[in-house]
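Please find below some notes on the model.

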Amino acid sequence: MVKQGKSMIAEWLTGLGRITLLAQEAFTSLFTFKVAWRDLLYQVYFIGVKSQSVVLITGAFTGMVLGAQTYFQFHKVKMDTATLAVVAVSMCSELGPVLTGLMVAGRVGAAIAAEVGTMRVTEQIDALRTLATHPVDYLVVPRLVALFGAMPLLTAESIAVGIGSGYLVGVYLLGIDPVYLWANMLRYTASSDVVIGLIKSFVFGGIVALIGCYKGMYCGEGAEGVGRATTEAVVFSSITILITNFFLTMSLGQVLHPT
Amino acid sequence: MNAGGQGGKPVLEVRELRKSFGTNLILDGVNFRIEKGESVVIIGRSGGGKSVLLKHLIGLLTPDSGQVFIDGQDIVPMNERQLIAVRHKFGMLFQGAALFDSMTVAENVAFAFRRDRSLPENEVRQKVAEVLEMVDLPGTENKKPSELSGGMRKRVGLARAIIYKPEIVLYDEPTTGLDPIVSDSIDQLIARVRDRLDVTSVVVTHDMRSARRLGQRILMLHNKKIYVTGTADEIFKSQDPVVRRFVEGVAESKEEFF
């Protein structure tokens, strides 16, 4: 038992160390490396453009449900017109970035781990290295840059759609006065909420890219190894996103909403 | 027998190389040197660490101890970025060819140039056509690796490894898993590359026919060390029991396996 625990901790620390080194290597390469536009564009297309449908549906239904539920509670205390303000603040600073992060972790993180992992087990990464190409330059950097760029945009989309659909549900299904609804939303939503959301999404993008690439590059042998790497990439990046989110809320809140 | 490498500076030298995976010791003090332009075959049993040894020569694996000199430069302490410069001198053909399966044959072969971007597009295309011609696969530029047979993939892998005219080409089991006729054509191809491009080649194989055909010098890896080295004739005529058994393909007493 003790021995098992020890090796588990050791393994965890090794993983943490490796991913830190990978991040260091990726960031150095980010600033010194000439960008391969073709690879980058393809990743932006795959990661950004192709993720839109998932992210939009998530954003829309979250906004709708949040609007309806808030209304049901607020109606009891006659605060109907504050509904959209709640939707907007929670979408901007919490639900937008977190849900987008989780959906992208599931879609893109899994795809990255599977692709890079398959390249590893079929010796394609070794082949890259023999062709005098650093795997971090070729595999990690384009994905990292694409995610850094795409995540804030996807999050912004999801926030906008979430607020819009919350508005539609409030006005057309629940019969709230549209003018007060809108005015209250503007009154209680600060631009710092949006900034918090976008900063978070940027960080989550980095998490998804690094954990996906790390799991792929150190994946075990064979089909089983790739399968496990894919699962772990999704699980670890989702958990990391949720934990990081708490600390970001606490720290960004202190900075941007000084009391 | 010739210990290898008297006179002249070796392009490639391995000193006291040791490597283990976990508790499993694979190489235990391997020493050899390879001269410029030589064609060396490393033979040994399957699972005996031949591929592991080959991967050390190009820095894909780091030894537990020992040194690997390329042109007099120890590559063991180098990091991945420093190794890039060294690897420009190398081409390597992998056991499973390791083609990039998301790319076409042409993109695979031109990979080294695509990363450098030093050559104009039409020149790259011409070079690709030339080198595909050389490996007897003209006109396959737009195929995907999944459409190719095992032998064809190895040819493409070889084309990809030699297009930038490396000084040293490493072959990891080039004929394993191929029928004798295709194996023979791959052997001829390796010989052609060696003669036309004037490269140093290191071939790892357990196929004795191709060892005889390709090796000016044969090193035998046995019991985690270089057991013997000599010319093809010396090895094939050797009276040493271990070498004889390997050359003739006779299994030892059963205790070895069970």
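Which residues are exposed on the other side of α7(A)? They are A:Val179, A:Leu186 and A:Arg187.

This is a predicted model, in which local features need pLDDT of at least 70 and side-chain atom pairs count only at pLDDT 80 or more, while totals for chains, interfaces and linings use all residues. Residues are numbered from 1 along each chain as its sequence is written, with chains lettered from A and ligands numbered from 1 in the order in which they are written.

1. Helix α7 of chain A spans residues 178-188, and its buried residues are A:Leu181, A:Asn184 and A:Met185. Seen down the axis of α7(A), these buried residues fall within an arc of 105 degrees, so they line one face of the helix. The arc is taken over the directions from the helix axis to the C-beta atoms. A residue is buried if 20 or more other C-beta atoms lie within 10 Å of its own, exposed if 12 or fewer, and partly exposed in between, with C-beta atoms placed from the backbone. Helices (H or I, at least four residues) and strands (E, at least two) are DSSP runs, numbered from the N terminus.

2. The buried residues of α7(A) pack against α4 (83-121) and α6 (135-173) of chain A. Contact requires C-beta atoms, placed from the backbone, within 7 Å.

3. The axes of α1 (residues 2-32) of chain A and α6(A) come within 10 Å and cross at roughly 85 degrees. That makes α1(A) roughly perpendicular to α6(A) (65 to 115 degrees). Axes are lines fitted to C-alpha atoms, for helices over the stretch in contact, and angles run from 0 to 180 degrees between N-to-C directions. Among the residues making the contact are A:Leu22 and A:Leu30 of α1(A) and A:Val140 and A:Leu144 of α6(A).

4. In chain B, four strands form an open antiparallel sheet in the order β2-β1-β4-β5. Strands β2 (24-35) and β5 (73-74) of chain B stand at the edges, each with a single partner strand, so one side of each lacks a neighbour in the sheet. Pairing requires at least two DSSP bridges between two strands.

5. Five bridges join β1 (residues 10-21) and β4 (residues 65-70) of chain B in the antiparallel sense, and B:Arg15 stands opposite B:Gln67 in β4(B). β4(B) and β5(B) form a hairpin with two residues between them, and B:Asp71 in the turn has a positive phi of about 50 degrees.

6. The contact takes eleven residues from chain A and 16 residues from chain B.

Notes
Contact = placed C-beta atoms within 7 Å. Parallel < 35°, antiparallel > 145°, perpendicular 65-115°, else oblique.
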